[in-house]
Amino acid sequence: MRPALDRYRPPAPTAVLRGIPGRFTSRLHDERVASWLGIALGVSVLVSFGTGLVSHFMQQPAGWMLWPSRPVNLYRVTQGVHVIGGLATVPLLLAKLWTVYPRLWQWPPVRSLVHGAQRLLVFVLVGAALFQFVTGVLNVAYWYAFRFYFTTAHYWTAYILVGALVIHIADQWAKARRTVMTRPQDGVGRRGFLLTVAGASGVVALTTVGEAVTPLAPLAVLAPRRPGTGPQDVPVNKSAAATGVTAQARDPRWRLTVTGRVAREVTLSLADLRALPQHTARLPISCVEGWSVEASWRGVRLRDVLRLAGVDDDAQVRVESLERQGLYRTSQVAPPHWHDPLTLLALGMNGAPLALDHGYPCRLIAPNRPGVMQTKWVQGLVVS
C-alpha cells in the first residue's frame with residue numbers, strides 16, 4: 001500500500017479558475033472567498049455612496065431641498081463614515097481583485113455575446129472602483145496629481161460604479177448565495193485569509209478614525225489632519241496667506257455689509273459687532289476630507305444681524321468672503337440654518353480672538369454643515 005502522503009493530490013482548480021488549469025493553484029482563488037469579499041465590498045460601496053450623496057447635496061442642494069440644522073453632528077458622522085469607511089474598504093478591494101484576477105486569463109476570453117457583456121460590465125465595475133478609491137485617497141491626502149475637478153468626477157463616477165455593481169449583483173447573486181451557503185471541506189486557509197483582510201481594514205480604520213474622534217487622535221497616524229494641530233488647536237486647510245486676504249482682513253477699515261432684499265442696508269464695523277449681544281456655541285468644523293474638530297465659538301447670532309436689516313423669515317442668504325476667487329468664496333445659508341440660534345458670525349474661538357487663518361475678523365459657523373461652507377473672512381451678507 002502506498003503511503004498516505006503519496007496518495008495526496010491537490011484539489012482541482014475551482015470555478016474561478018475553470019478554463020486555465022494548472023496556472024493558479026492557490027485555494028484562495030475560488031468562488032467562496034470571492035463571494036464573501038464581494039458581499040463585504042458591496043455593502044461598503046453602497047454605504048460610501050449613500051454618505052457621499054449627503055455630502056454632495058448639502059453642498060449643492062436641489063431647489064426643493066432644505067437641509068436641517070439639527071442634529072448638530074449629522075454631517076460630521078456621515079462624512080466621517082464616508083471617508084474613514086472608504087479608506088478601510090481599500091484592503092477589501094485589493095483582496096477581491098487578487099482573488100478573481102485569474103479570470104482575466106480565461107480562454108477563450110469571450111465565449112458568447114452574453115459572456116462578452118458580462119466581461120465588459122466587470123471591466124466598467126473594476127475601472128470605476130479603482131478610479132473612486134485612488135482619487136479618493138489622493139484627495140484625502142491633498143495631493144491633486146490629476147487635472148480634473150475631483151468633486152465632479154467623484155460624484156458622477158459614483159453613479160457608474162453603483163449602477164455596474166447593482167447589475168453585477170443581480171447577475172451573480174444566486175451563484176454567490178449558493179456558494180456561501182455551502183459548507184467547505186477545508187475552510188482553514190480561506191478563513192485565515194478573510195480574517196487577515198478584515199484585520200487590515202480594521203487597522204486602516206483605527207489609524208484614521210482619530211481625525212474625527214478626538215479621544216483617538218493619538219492613533220491617527222495615517223490621517224492628514226488631526227485634532228489639536230493648527231492655530232488655536234484646530235487644523236486649517238487654507239490659510240489667509242494662501243488666499244491672499246491677509247492685508248484686507250487686518251485692515252481696520254473692514255466692514256460687514258448686509259444688502260439685497262432687505263428693509264434697510266446695514267454696515268457694521270468689528271467694534272459694532274462686538275457691541276451686539278454675544279453668544280457661545282460648541283460646534284465642529286467638519287471637513288469634506290473626513291477630519292472634524294469641535295471648538296467653542298463666540299460671536300453674534302446671524303439671525304440677530306439679519307433682523308437689524310429687516311430680513312423676511314423665508315429669505316436666502318449668500319455669505320461672501322474677502323477671497324476674490326475659488327468655488328467656496330461664497331456659501332448659501334437657508335432659513336433652517338440662519339434661524340438656528342447656534343449659527344454665529346464668530347469673532348472668537350476657544351477663549352481667544354479668532355486667528356487670522358481661522359477667518360479673522362469674522363467667519364460663519366453653523367451646525368450640521370460642511371467645513372467648506374463655513375465661510376471665512378466674511379465681508380458681506382446678500383439677501384435674496
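A: Gladly! Keep in mind that this is a predicted model. Let's begin with helix length. A straight helix of 32 residues would span 46 Å at 1.5 Å a residue, but H5 spans only 41 Å between its end C-alpha atoms.

Q: Where does H5 bend, and by how much?

A: The bend in H5 is at Gln172, and its angle is about 55°.

Q: What does the length check give for H3?

A: Here the two values agree: the 27 residues of H3 should span 39 Å at 1.5 Å a residue, and its end C-alpha atoms are 37 Å apart.

Q: Where does H3 bend, and what follows the bend?

A: H3 bends by about 30° at Thr89, and within four residues comes a proline, Pro91.

Q: How do I describe two helices that pack together?

A: Two packed helices are described by the angle between their axes and the distance between the axes.

Q: Which hand does the crossing of H2 and H3 have, and what kinds of residues form the contact?

A: H2 passes H3 in a left-handed crossing. Sorted by class, the contact of H2 with H3 has 15 nonpolar, 13 polar and 1 charged residues.

Q: How many residues of H3 are buried?

A: Of the 27 residues in H3, 19 are buried, and the helix is mostly covered.

Q: At what angle does H2 pack with H5, and how far apart are their axes?

A: The H2 and H5 axes are 9 Å apart, at an angle of about 150°. H2 and H5 are therefore roughly antiparallel to each other. The crossing of H2 past H5 is left-handed.

Q: Let me turn to single residues. Is Leu161 buried or exposed?

A: Start with its place: Leu161 belongs to helix H5, which covers residues 150–181. Its relative accessible area is 7%, so Leu161 is buried, as the cut-off for buried is under 20%.

Q: Is Ala271 buried or exposed?

A: Ala271 counts as exposed because its relative accessibility is 54%, and exposed means over 50%. You will find Ala271 in helix H9, residues 270–275.

Q: How should I compare separation along the chain with separation in space?

A: Cys362 and Leu347 are 15 residues apart along the chain, and their C-alpha atoms are separated by 5.2 Å. For Ala271 and Arg255, the figures are 16 residues in sequence and 9.8 Å in space, C-alpha to C-alpha. Leu161 and Ser239 are 78 residues apart in sequence and 35 Å apart in space, again C-alpha to C-alpha. Finally, the C-alpha atoms of Thr229 and Arg147, 82 residues apart along the chain, are separated by 30 Å.

Q: Where does Cys362 sit, and is it buried or exposed?

A: Cys362 lies in the loop between S8 and S9. It is buried, with a relative accessible area of 0%.

Q: Which residues have a positive phi without being glycine?

A: Asn368 has a positive phi of about 50° although it is not a glycine. Its place is the loop between S9 and strand S10 (378–383), and at 3% relative accessibility Asn368 counts as buried. Trp377, also a residue other than glycine, has a positive phi near 50°. Trp377 is found in the loop between S9 and S10, where it is buried, with a relative accessible area of 1%.

Technical notes. Residues numbered from 1 in each chain as written. Predicted model: local features only at pLDDT ≥ 70, side-chain atom pairs only at ≥ 80, totals over all residues. Heavy atoms only, no water. Left-handed = near helix turned anticlockwise from the far one by under 90°. Helix = DSSP H or I, 4+ residues; strand = E, 2+ residues; numbered from the N terminus. Nonpolar A, V, L, I, M, F, W, Y, C, P; charged D, E, K, R; others polar. Expected span 1.5 Å × (residues − 1). Bend = angle between axes of the 7 residues up to and from the residue. Buried < 20%, exposed > 50% of the residue type's maximum accessible area, 1.4 Å probe, protein only. Axes fitted to C-alpha atoms, helices over the stretch in contact; angles between N-to-C directions. Parallel < 35°, antiparallel > 145°, perpendicular 65-115°, else oblique.
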